[in-house]
Amino acid sequence: MKRPDLDALIRIAREASEVVLEVYRAPFAVDFKAPSDPVTEADRRANDLICARLADEFPGIPIVAEESAPETFAGYRDSELIFFVDPLDGTRDFVLKNGEFVVMIGLVDGERSALGVVHGPEAGLTWAGELGVGAFEIAADGARRSLSVSQVASLSEARVVASRSHRSPETEEALRGLGARELLTLGSAGLKGSRVASGLVEAYVSPFYAGKRWDACAADALVHAAGGKVTDAHGDAFDYRAADLGNTHGLLASNGVLHGALLARLAARRSA
């Protein structure tokens, strides 16, 4: 089984983004998989393209993709290598046409997310990371610059980013309880992870439910490669071979320095 390389995943994510932009720039219909869970032609077409390219270039590696039928990745839990694909992360923002959406491809190797690519179609920017190698921001012309998380060590000086669309009174209360200097909102889990990896914020916090494993995998590798840390909101590493694909205990991506303090604040809020 051929181990994927980061450049191949970057190329495939960028190719998928062209399909996403083609739909984005024209009138499109919006369907719903469930209440408040939209899906568009862009989601489906990008999903098909990414899965086809990955299967062709890296045969034998299961592809757990958001818009694929579960039977297409049956048995993935027993594979050493697993792809997790979110073909359009931030579909709500895609529908709102605010530009806050990305294409994400992650690779699990063993127990960890080892490769992650987050590509912003509208900006033409790619954020990519590989454990043991590093994290990079890649411009549309291919120019790369290294990324690293911030070194802010005080919650009172921290900038925290959270979801714009997944809000509730409980979430608002948990976020306020962090004691951060600034609370920001942004669409797309991948974009929020890229902000942490770039040192633009100290943490991305989703206190409760945080989507599925394909919402976490690419950002997990990216933030770790940039020197940060990613767990669920209880402090446990994501188990990419769990029977349940849901991130039911939330998500915390941080610069690492503040991870323990953030977990303690979240735990205190849960027990209050």
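Buried means under 20% relative accessible area, exposed means over 50%, and partly exposed lies in between (1.4 Å probe, protein chains only). These legends describe a predicted model, in which local features need pLDDT of at least 70, side-chain atom pairs count only at pLDDT 80 or more, and totals for chains, interfaces and linings use all residues. Residues are numbered from 1 along each chain as its sequence is written, and side-chain values use heavy atoms, with hydrogens and water left out.

**View A. Arginine 45 and glutamate 41 form a salt bridge.** A salt bridge is a side-chain nitrogen of Lys or Arg within 4 Å of a carboxyl oxygen of Asp or Glu. Here the closest N and O atoms are 3.4 Å apart. Both residues sit in helix α2, four residues apart, so about one helical turn separates them. Helices (H or I, at least four residues) and strands (E, at least two) are DSSP runs, numbered from the N terminus. Glutamate 41 is partly exposed, at 40% relative accessible area. Arginine 45 is also partly exposed, at 30%.

**View B. Arginine 44 pairs with aspartate 31 in a salt bridge.** The closest N and O atoms lie 3.1 Å apart. Arginine 44 belongs to helix α2 (residues 41-57) and aspartate 31 to strand β1 (residues 30-34), so the pair ties together parts that are 13 residues apart in sequence. Arginine 44 has a relative accessibility of 37% and counts as partly exposed. Aspartate 31 is partly exposed too, with 36%.

**View C. Glutamate 137 forms a salt bridge with arginine 145.** Their closest N and O atoms are 3.2 Å apart. Glutamate 137 is buried, with a relative accessible area of 16%. Arginine 145, in contrast, is partly exposed, at 43%. Elsewhere, salt bridges that share partners join Glu22, Glu41 and Arg45 into one network. A search of the whole structure finds 16 salt bridges.

**View D. Serine 17 is placed in helix α1 (residues 6-24).** Its relative accessibility is 5%, so serine 17 counts as buried. Serine 17 touches Val103, His119 and Pro121, leaving aside residues up to four places away in sequence. Contact means heavy atoms within 4.5 Å.
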